[in-house]
Amino acid sequence: MPAIRKNKYNAQGNYLDYDGKKTFFHSKAEGERFKQLIVMRDDKKIMNLVLQPSFVCVVNNVKVTTYRADFSYDTIIDNGATGNRIVEDVKGQVTDIYKIKKKLVESLFFIKIIEIPSRDVVKWENKIPESR
């Protein structure tokens with residue numbers, strides 16, 4: 001029987017209920033941010049919440065990589081219209097590979113990826129980051 005593989009950054013994943021099914025989050029902080037976003041969605045501050053949106057990075061017709069963020073959503077402005085698209089990643093460790101992928105995605109898709117440090121996720125409750 002194979003040994004259980006330990007996360008290399010010691011993050012402990014967990015399952016939460018989402019739309020009637022168990023959804024896995026790679027860290028407790030990511031799960032906590034998800035719960036915050038659900039409250040903001042229910043309060044009509046955000047909409048179109050997507051878990052782990054993928055961005056396929058193609059340069060000169062060659063697929064370079066696929067980047068998977070933790071969340072994306074649209075803000076709702078005062079008149080109820082769609083505001084800005086926000087892409088978030090909850091990060092415990094910022095690796096060199098992540099830094100490269102982040103720059104590539106931001107350049108190709110004209111977006112800004114918001115990094116939320118896992119140690120500070122509680123400070124983000126009811127908070128929507130500024131986008132580009």
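Strands E4 (residues 54–59) and E5 (residues 62–68) form a hairpin with 2 residues between them, and Asn 60 in the turn has a positive phi of about 55°. The two strands pair in the antiparallel sense over 6 bridges, where pairing requires that DSSP finds at least two bridges between the strands, and Ser 54 has Arg 68 in E5 as its bridge partner. This is a predicted model, in which local features need pLDDT of at least 70 and side-chain atom pairs count only at pLDDT 80 or more, while totals for chains, interfaces and linings use all residues. Residues are numbered from 1 along each chain as its sequence is written, and side-chain values use heavy atoms, with hydrogens and water left out.

The protein chain as a whole has 2 helices and 8 strands, in the order β-β-α-β-β-β-β-β-α-β along the sequence; helices (H or I, at least four residues) and strands (E, at least two) are DSSP runs numbered from the N terminus. Of its 132 residues, 35% are buried, with buried meaning under 20% relative accessible area, exposed over 50%, and partly exposed in between (1.4 Å probe, protein chains only).

Rings of Phe, Tyr and Trp (its six-membered ring) pair if their centres lie within 6.5 Å, and planes under 30 degrees apart count as stacked, over 60 as edge-to-face and the rest as tilted. Phe 55 and Phe 109 form an edge-to-face pair, 5.3 Å centre to centre with 70° between the planes, and this pair links E4 to helix H2 (residues 96–109) across 54 residues of sequence. Phe 55 counts as buried because its relative accessible area is 13%, whereas Phe 109, at 33%, is partly exposed. Tyr 67 and Tyr 98 form a tilted pair, 6.3 Å centre to centre with 45° between the planes; Tyr 67 lies in E5 and Tyr 98 in H2, so this pair ties together parts that are 31 residues apart in sequence. Tyr 67 and Tyr 98 are both buried, and ring pairs link Phe 55, Tyr 67, Tyr 98 and Phe 109 into a cluster. The charged end of Lys 91 sits over the ring of Tyr 98, 4.3 Å from its centre, the criterion being NZ of Lys or CZ of Arg within 6 Å of the ring centre and within 35 degrees of the ring normal.

The largest nonpolar core has 18 residues, of which Phe 34, Leu 37, Leu 49, Phe 71, Tyr 73 and Ile 116 touch the most other members; such a core is a set of buried Ala, Val, Leu, Ile, Met, Phe, Trp, Tyr and Cys residues joined through side-chain atoms within 4.5 Å. The largest share of this core, 5 residues, comes from H1. A second, separate core of 9 residues includes Phe 55, Cys 57, Ile 111 and Ile 113.

Helix H1 (residues 28–42) also holds Arg 33, which counts as buried because its relative accessibility is 0%. Leaving aside neighbours within four places in sequence, Arg 33 is in contact (heavy atoms within 4.5 Å) with residues including Phe 71, Tyr 73, Glu 88, Ile 116 and Trp 124. The side chain of Arg 33 reaches the backbone oxygen of Lys 127 at 3.1 Å, and Lys 127 in turn lies over the face of Trp 124, at 4.6 Å from the ring centre.

Key
Polar contact = N/O pair within 3.5 Å; in protein donor to acceptor, adjacent residues only side chain to side chain.
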